[in-house]
Amino acid sequence: MAEQAKGSGPLEGVRVVELAGIGPGPFAAMHLADLGADVVRVDRPGGNVLAVAPESDVTNRNKRSVVLDLKDERGLAAALDLAGRADVLIEGYRPGVAERLGIGPEVCLARNSRLVYGRMTGWGQEGPLAHTAGHDIGYVAVTGALGMVGQPGEPPAVPANLLGDYAGGALYLVIGVLAALQHARSEGGAGQVVDAAIVDGTSHLSAMIHGLLAAGAWQDRRAANLLDGGAPFYASYRTSDGGYMAVGALEPRFYEEFVRLLGLSAPPDRSDPAAWEELRSAIAERFASRTRAEWTAVFEGSDACVAPVLSLREAPGHPHLAARGSFVEHEGLVQPAPAPRFSATPGAVRRPPARPGDGAAEVAADWGLPSLAGDDAGGQTP
């Protein structure tokens, strides 16, 4: 896998301060960095807060790091100086923590009236649960999203932390930050606070499902609907070697192609939900007769909407993803490429994951600040 070419990205010139955290905040900052923003991560003394080697933490790629102790006057002053020169600040503390540290939105906006202050939390800045601990699984549970995933009669399936932390959280923070940045840069515009709560974003993701529910076209239970595995022509099936194939043959003409290539003769009427279990059994029996590789070859290049279910390690080698460069290798680390793509200002993986404090001198020079390393800023170098 080739190294990715250099690219500036459409956010070149945008300065972002990220107050170190874990999960959706760093991912949002990585996304901005992938798009060309100059992201400075403010790590706390002691270094990385995630239990993974810094050189492997892909969410810190394309960033530079300084180490500042926000509980020390010099460290706080240096962080506020960064905020004063930034376009965006991102923090993921519990509500009130940034204010207690002295780097809350009121203080920062007083220094920099056009600053976009992005706040990433699970529960949001207000509400009965705002100050309680939580994780992705709890946030997606109360929104109804988790309850849609899995088989009836079994516990809901947990989709890692992709649905809440990253889809409902980080990406909504990025959308909010970019919208607020556009406003701040408009004539007469000003900075503002963006309150990105995972419960809000995940709820928003289910807008279409709520519409279907209101129209009587969605049953409020698992695996009973067209898109949740209930329909046998939109589901996954085990192959003879223990692999799986994913089927998404929704439209009639794609379904006809699927039935033909699967070798399914006289299948039950798919338009009758009462026949779905019989149809599911027939499809399962056919898939169980060959290996995943054999079925992949059968459906390759067709419009049957069938694909092999790949593992994380297998995905970069898929011919289509390889041809598009959906994954890249940078300094020996295979990782997803920046997305989406831009014709004039492509993003790129320009830097390996930042190590705590590795950008202090460079950031100080580029941002026109005194030294940000060691005792000069109340922090420590690694």
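Colleague: Which ring does R15 lie over?

Modeller: R15 lies over the face of W367, 4.7 Å from the ring centre. The rule for a charge over a ring is NZ of Lys or CZ of Arg within 6 Å of the ring centre and within 35 degrees of the ring normal.

Colleague: And what does R270 lie over?

Modeller: R270 sits over the face of Y255, also at 4.7 Å from the ring centre.

Colleague: Before we go on, what kind of model is this?

Modeller: The model is predicted: local features need pLDDT of at least 70, side-chain atom pairs count only at pLDDT 80 or more, and totals for chains, interfaces and linings use all residues. Residues are numbered from 1 along each chain as its sequence is written, and side-chain values use heavy atoms, with hydrogens and water left out.

Colleague: Fine. Sheets next. In what order do the six strands of the open sheet run?

Modeller: First, the terms. Helices (H or I, at least four residues) and strands (E, at least two) are DSSP runs, numbered from the N terminus. Two strands pair if DSSP finds at least two bridges between them. Angles run from 0 to 180 degrees between N-to-C directions, with axes as lines fitted to C-alpha atoms, for helices over the stretch in contact. Now the order: β3-β2-β1-β4-β5-β6, with parallel pairing.

Colleague: Which strands are at the edges?

Modeller: β3 (63–67) and β6 (192–197). Each pairs on one side only. Neighbouring strands in this sheet are turned by 20° against each other on average, direction ignored.

Colleague: How many bridges join β5 to β6?

Modeller: Six, and the two strands run parallel. β5 covers residues 116–121. G118 has V194 in β6 as its bridge partner.

Colleague: Which strands does helix α2 touch?

Modeller: Contact here means heavy atoms within 4.5 Å. Helix α2 (residues 73–85) packs on the sheet and touches β1 (15–19), β2 (38–43), β3 and β4 (88–91). The direction of α2 makes about 145° with that of β1.

Colleague: Switching to charges. How many salt bridges are there?

Modeller: The count is 17. A salt bridge needs a side-chain nitrogen of Lys or Arg within 4 Å of a carboxyl oxygen of Asp or Glu. Side chains of opposite charge can pair when their charged atoms come close.

Colleague: What links D38, R64, R351, E362 and D366?

Modeller: A network of salt bridges. Take R64 and D38: their side chains meet at 2.9 Å, N to O. R64 is in strand β3 and D38 in strand β2, 26 residues apart, and the pair links distant parts of the chain.

Colleague: Is R64 buried or exposed?

Modeller: R64 has 5% relative accessibility, so it counts as buried. D38 is at 22%, which makes it partly exposed. The cut-offs: buried is under 20% relative accessible area, exposed is over 50%, partly exposed is in between (1.4 Å probe, protein chains only).

Colleague: How far apart are the closest N and O atoms of D366 and R64?

Modeller: They are 2.6 Å apart, in a salt bridge. D366 lies in helix α13 (residues 360–366) and R64 in strand β3, so the pair ties together parts 302 residues apart in sequence. D366 is partly exposed at 44% relative accessibility.

Colleague: Where do R351 and E362 lie?

Modeller: Their side chains form a salt bridge at 2.8 Å, N to O. R351 is in the loop between β11 (333–336) and α13, and E362 is in helix α13, so parts eleven residues apart in sequence are tied together. R351 is partly exposed at 32% relative accessible area. E362 is partly exposed too, at 37%.

Colleague: Rings now. How many aromatic pairs does the structure hold?

Modeller: Rings of Phe, Tyr and Trp (its six-membered ring) pair if their centres lie within 6.5 Å; planes under 30 degrees apart count as stacked, over 60 as edge-to-face and the rest as tilted. The structure holds eleven such pairs.

Colleague: Why is the W123 and Y139 pair edge-to-face?

Modeller: Because the ring planes stand at 90°, with the centres 4.9 Å apart. W123 is in the loop between β5 and α5 (136–142) and Y139 is in helix α5, so the pair ties together parts 16 residues apart in sequence. Both residues are buried.

Colleague: Which residues do ring pairs link into a cluster?

Modeller: F233, Y237, Y255, F258, W276, F287, W295 and F299.

Colleague: Last topic: how is the three-strand sheet paired?

Modeller: Antiparallel, in the order β7-β8-β9, as an open sheet. β7 (234–238) and β9 (306–308) have a single partner strand each, so one side of each has no neighbour in the sheet.
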